[in-house]
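Please have the sequence and the 3D view open while reading.

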Amino acid sequence: MSEKTGSPWSRRAALTTFAATAGTAAALGGALAAGGRDAAPARPSGTQRRTEPYHGAHQAGIATPQQRYAIFAAFDLETTDPREDNRLTTEQVAANFQRLIQGWSAAAERLTQGRPPGPMPFARPEVPADSGIADGLEPARLTVTFGLGPSLFERIGRKRDRPRLLSPLPSFGEDRLEPAWSGGEMLVQICGEDLQTVSRAFRTLRSRAPGVARLRWSQQGFLGMFGDSTPRNLFGHKDGTANPRPGTAQFDDAVWSTADEPAWFSGGTYLVFRKIRMDLPKWDTSTTRTQDQTIGRRRDNGAPLSGGHEFSTPDLRKAGPDGGLLIPTDSHLALVRDVPMLRRSYNYDYGFQGLNGPAPADHHHDAGDGAHDHGEDMPDHSGSGHSRYDSGVLFCAYLRDPAEFVRLQRKLDKSDRLNAFIRHTGSAVFAIPPGVRPGSHVAAALLTLR
């Protein structure tokens with residue numbers, strides 16, 4: 001994660017630029033390559049539509065066929081009045097939140113349907129309501145999805161109405177989290193087929209926040225154009241093979257909230273967001289055997305190492321000619337399969353993050369099976385200020401219970417071979433409210449509770 005007040009994002013790039021690196025993603029972190037199916041799922045239809053519905057039982061941007069580009073941004077509500085520097089009461093913070101979410105919802109509806117965003121609140125008459133950077137462009141399947149962080153509910157005096165399963169994620173032993181890339185009281189996920197329209201939507205929402213909320217961090221992601229094929233992440237492996245298919249009972253059971261959640265949250269879900277840095281130089285100089293055994297699948301066709309095709313069910317007990325298991329028990333596939341979640345992740349590539357002092361020692365070599373040393377691509381926590389190349393995956397898991405992710409990540413933390421090539425550097429969890437009815441706004445049912 002990374003654009004935030006005083007964050008490294010300001011050192012990376014302006015919001016209207018993008019690191020155009022070839023590659024794709026759909027998930028890594030807690031579920032890089034899960035189990036299999038007997039046949040390839042049909043890709044959701046509608047990928048050529050230029051607009052996506054804004055209203056419905058669920059927010060768009062979840063079951064929606066995944067778009068090529070995304071911006072994720074977390075905000076925190078202001079606790080003081082910026083004009084008088086007085087601390088705001090809970091009632092004042094709640095009123096600001098309601099005004100902000102109403103304004104954001106209205107602007108998001110207009111933008112996703114190809115209309116101007118409408119006037120900015122409290123703006124001077126000479127200030128334009130829109131940046132103009134997307135004038136003449138179609139909406140390009142733009143979606144805007146809103147989430148609420150664990151601390152928001154107490155901040156606005158609604159602690160008793162917080163979704164039952166929403167709580168901050170614990171830290172894990174392999175984490176190297178940057179506090180400035182983690183957390184947040186509100187999330188905005190903006191996805192689309194045209195990066196310029198995505199950037200325009202972000203600027204529109206951000207311009208309506210001053211005085212009410214401040215930006216905590218933001219991240220940009222991208223996917224390749226793989227058509228009906230499973231996307232590939234920056235490790236070159238197919239990613240998202242075992243995702244449940246929208247519109248099926250399997251999808252509904254994995255993603256949407258349970259009946260024992262607060263009534264206002266019916267039709268909602270949870271989003272686990274993790275920024276995961278990949279050690280690409282180390283990976284790129286590892287052998288094919290090391291790479292495949294780390295994942296548990298063949299890179300060329302995505303098939304499990306036990307045989308078959310990409311969607312074949314992995315046989316975790318099948319042994320090879322030498323008597324050893326074809327799929328190592330500590331491979332990523334063996335550890336993550338059958339965990340119910342929708343992975344809707346994006347690649348990122350921000351390049352080198354500044355030069356200060358001598359370059360770190362070169363660790364470009366074959367890691368070997370199960371090696372856990374880290375190359376120059378990984379975060380430097382020594383305080384030496386060495387250059388760091390920042391690329392990897394923005395892992396997004398939509399699921400009905402974040403505890404499923406916690407359980408999985410604890411297991412991965414202990415023995416996953418992939419830990420030799422990745423580091424989790426950002427972390428957040430959000431409750432994603434249900435969809436919006438015409439004439440209403442996101443989280444309207446929460447704000448009308450007494």
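## Cavities

In this predicted model, a search of the whole structure turns up 3 cavities of 30 Å³ or more. The method behind such a search is simple: rolling a probe the size of a water molecule over the atoms shows where empty space is left.

The largest cavity holds about 50 Å³ of space. Its lining is made of Tyr54, Gln59, Ala60, Val144, Gly435 and Val436. By residue class, this lining has 4 nonpolar and 2 polar residues, and no charged ones.

## The second largest pocket

A pocket, unlike a cavity, is open. The second largest pocket has a volume of about 670 Å³. It is lined by 29 residues, and those closest to its centre are Arg99, Pro121, Phe122, Pro210 and Val212.

Strand E4 covers residues 213-222. Of its 10 residues, 8 are buried, so strand E4 is largely enclosed by the rest of the structure. Buried here means under 20% relative accessible area.

Strand E1, residues 69-77, is joined to E4 by 9 bridges. The two strands run antiparallel. One of the paired residues is Tyr69, whose bridge partner in E4 is Phe222.

Methods. Residues are numbered from 1 along each chain as its sequence is written. This is a predicted model: local features need pLDDT of at least 70, side-chain atom pairs count only at pLDDT 80 or more; totals for chains, interfaces and linings use all residues. Side-chain values use heavy atoms; hydrogens and water are left out. On a 1 Å grid over the protein atoms alone, a cavity is a set of points where a 1.4 Å probe fits but cannot get out, and a pocket is an open set with protein on both sides within 12 Å along at least five of seven lines; lining residues have an atom within 4 Å of a point. Grid points are joined across faces, edges and corners, and a volume is the space filled by probe spheres set on the points. Buried means under 20% relative accessible area, exposed over 50%, partly exposed in between (1.4 Å probe, protein chains only). Helices (H or I, at least four residues) and strands (E, at least two) are DSSP runs, numbered from the N terminus. Two strands pair if DSSP finds at least two bridges between them. Ala, Val, Leu, Ile, Met, Phe, Trp, Tyr, Cys and Pro count as nonpolar, Asp, Glu, Lys and Arg as charged, and the others, Gly among them, as polar.
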